[in-house]
Amino acid sequence: QVQPVESGGGSVQAGGSLRLSCSPSGRRGSKYSMGWFRQAPGKEREFVAAVTWSGDNTFYADSVLGRFILSRDDAKNTVYPQMDSLKPEDTAVYYCSAAVFSPPLTRERAHWPRNYDYWGQGTQVTVSP
């Protein structure tokens, strides 16, 4: 069992920054490809960013490209999305997910929630105008 745990959400004004973090509990020393999704009220869950288990590849949604940077610290077993130049439309609950059993992530596969096996509870990000 792997349980991603998110933290770092909060409220910020437009143009501001937030850094989220996600630490997936599970087998010590195991590394997983990790994804971030978000869901705004009344909308479907949408892909934000993902990083492969090796850290060699990161993928971003067009809506956050150039504003968000996803990194991982394997020593701390933690993944960090650094979110800059935030906009009101970034307001959503952000979910961390782990791809444990699925085939390796590709740019296409990373975008689909079905390719992730475990999900966190989510953390709220609110961006005011």
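## Basis

The model is predicted, so local features need pLDDT of at least 70 and side-chain atom pairs count only at pLDDT 80 or more, while totals for chains, interfaces and linings use all residues. Residues are numbered from 1 along each chain as its sequence is written, and side-chain values use heavy atoms, with hydrogens and water left out.

## Nonpolar core

A nonpolar core is a set of buried Ala, Val, Leu, Ile, Met, Phe, Trp, Tyr and Cys residues joined through side-chain atoms within 4.5 Å. Buried stands for under 20% relative accessible area, exposed for over 50%, and partly exposed for the range in between (1.4 Å probe, protein chains only). The largest such core holds 36 residues, and Met34, Trp36, Phe47, Met83, Tyr94 and Tyr116 have the most contacts inside it. At least two residues of this core come from each of the strands S5 (33-39), S6 (46-51), S7 (58-60), S8 (68-73), S9 (78-83), S10 (92-99) and S12 (123-128). Strands are DSSP runs (E, at least two residues) numbered from the N terminus. In soluble globular proteins, nonpolar side chains tend to be buried together.

Contact is taken as heavy atoms within 4.5 Å. Leaving aside residues up to four places away in sequence, Phe47 touches Trp36, Phe37, Phe59, Tyr60, Ala61, Ala110, His111 and Tyr116.

## Cavities

A cavity is a set of points, on a 1 Å grid over the protein atoms alone, where a 1.4 Å probe fits but cannot get out; lining residues have an atom within 4 Å of a point. Grid points are joined across faces, edges and corners, and a volume is the space filled by probe spheres set on the points. Two cavities of 30 Å³ or more are counted.

The largest cavity has about 40 Å³ of space. Its lining consists of Leu20, Trp36, Val48, Ala49, Tyr60, Phe68, Ile69, Leu70, Pro81, Met83 and Tyr94. S6, S8 and S9 each give at least two lining residues, and S8 has the largest share with three. By class, this lining has eleven nonpolar, no polar and no charged residues; Ala, Val, Leu, Ile, Met, Phe, Trp, Tyr, Cys and Pro count as nonpolar, Asp, Glu, Lys and Arg as charged, and the others, Gly among them, as polar. The second largest cavity has a volume of about 30 Å³ and is lined by Pro24, Lys31, Tyr32, Met34, Arg72, Asn77, Thr78 and Val79. Those residues divide into four nonpolar, two polar and two charged.

## Disulfide

The model has one disulfide, a term for a pair of cysteine sulfur atoms within 2.5 Å. The bond joins Cys22 to Cys96, with an S to S distance of 2.0 Å. Cys22 lies in strand S4 (residues 21-25) and Cys96 in strand S10, 74 residues apart, and the pair links distant parts of the chain. The torsion about the S-S bond is about -85 degrees, so the disulfide is left-handed.

Both Cys22 and Cys96 are buried, and the relative accessibility of Cys22 is 0%. Besides Cys96, Cys22 touches Pro4, Val5, Glu6, Met34, Trp36, Asn77, Thr78 and Val79, not counting residues up to four places away in sequence. Cys22 and Tyr95 are 73 residues apart in sequence, and their C-alpha atoms are 9.1 Å apart.

## Arg38

Arg38 belongs to strand S5 and is buried, with a relative accessible area of 5%. Not counting residues up to four places away in sequence, the contacts of Arg38 include Glu44, Glu46, Glu89 and Asp90, and also Arg45, Val48, Phe68 and Tyr94. From Arg38 to Tyr116 there are 78 residues in sequence and 14 Å in space, C-alpha to C-alpha.

## Loop residues

Asn77, in the loop between S8 and S9, has a positive phi near 55 degrees without being a glycine. Its relative accessibility is 27%, so Asn77 counts as partly exposed. Ser85 lies in the loop between S9 and S10 and has a positive phi of about 50 degrees, again in a residue that is not a glycine. Ser85 is partly exposed at 40% relative accessibility.

Lys87 also lies in the loop between S9 and S10 and is partly exposed, with a relative accessible area of 35%. Lys87 touches Arg67 and Val127, not counting residues up to four places away in sequence.

Conventions
Helices (H or I, at least four residues) and strands (E, at least two) are DSSP runs, numbered from the N terminus. On a 1 Å grid over the protein atoms alone, a cavity is a set of points where a 1.4 Å probe fits but cannot get out, and a pocket is an open set with protein on both sides within 12 Å along at least five of seven lines; lining residues have an atom within 4 Å of a point.
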